[in-house]
Amino acid sequence: MGPGLVERTLHRLISLLQFSLLAALLICAGYQSYYIFFTALYFRIRAIQVQGNKALSQREIVRLSGLELGDLFFKYNYEKVRKRIMSTPRIDDARIVIRSPNAVEIQLRERQPYFRMPDGKTVYEVDKQGTVLGANPSSGNLPTLKGAVLRPGPGGPQLEAAQVALLTE
């Protein structure tokens with residue numbers, strides 16, 4: 001046994017000890033990260049606020065968004081949340097603003113009804129661009145458009161393209 005063999009063995013032992021210490025440190029850091037991001041209350045949604053809604057209730061907009069109090073902030077794709085809200089014809093534009101990791105604000109711009117249009121026993125509200133906003137029999141102060149034809153569409157009844165063109169001229 002030469003002097004070089006003892007030094008190499010000692011060097012290998014120190015390297016193994018350093019590697020083991022680093023591995024233990026990474027495991028602890030990983031566990032702490034998991035705890036902080038997935039179980040701590042700081043990253044759970046505690047408040048959902050809605051701004052700019054008039055025709056739709058806050059409860060209805062939150063239901064449309066799919067957001068739930070107590071869920072992890074990281075769980076959601078907020079662009080998909082925006083698209084779900086935009087899928088209703090009453091909404092012209094929507095923005096999702098993160099106020100903090102536990103507060104989400106939904107900012108809306110609703111379409112404004114321009115006239116009402118009877119179709120059988122149902123009375124629909126329609127905006128200036130010809131978007132049918134939905135049935136609302138109590139929209140009494142709006143002018144009534146008769147004779148227009150509604151066709152079934154992907155989001156509900158829609159005006160024909162020629163009729164929309166007449167409205168926007």
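Predicted model: local features only at pLDDT ≥ 70, side-chain atom pairs only at ≥ 80, totals over all residues.
Let's start at a pairing point: Val 126 stands opposite Val 132 in β6.

Strand β5 covers residues 122–126 and is joined to β6 by 3 bridges, with the two running antiparallel. β5 also pairs with β4 in the antiparallel sense. Together, 3 strands make an open sheet in the order β4-β5-β6. Its edge strands are β4 (115–119) and β6 (132–135), each of which pairs on one side only. From one strand to the next, the twist averages 30 degrees.

| Strand pair | Sense | Bridges |
|---|---|---|
| β4 and β5 | antiparallel | 5 bridges |
| β5 and β6 | antiparallel | 3 bridges |

β4 and β5 form a hairpin with 2 residues between them. Gly 120 sits in that turn and has a positive phi of about 70 degrees.

**A look at Glu 105**

Now to strand β3, residues 103–110, where Glu 105 is found. Is Glu 105 buried or exposed? Its relative accessible area is 7%, which is under the 20% cut-off, so Glu 105 is buried. The side chain of Glu 105 makes a polar contact with the side chain of Gln 107, at 2.7 Å. Leaving aside neighbours within four places in sequence, Glu 105 is in contact with several residues, among them Gln 49, Gln 51, Arg 95 and Arg 99. Ile 96 and Val 97 are also on that list of contacts.

Key:
Residues numbered from 1 in each chain as written. Heavy atoms only, no water. Helix = DSSP H or I, 4+ residues; strand = E, 2+ residues; numbered from the N terminus. Buried < 20%, exposed > 50% of the residue type's maximum accessible area, 1.4 Å probe, protein only. Polar contact = N/O pair within 3.5 Å; in protein donor to acceptor, adjacent residues only side chain to side chain. Contact = heavy atoms within 4.5 Å. Pairing = 2+ DSSP bridges. Axes fitted to C-alpha atoms, helices over the stretch in contact; angles between N-to-C directions.
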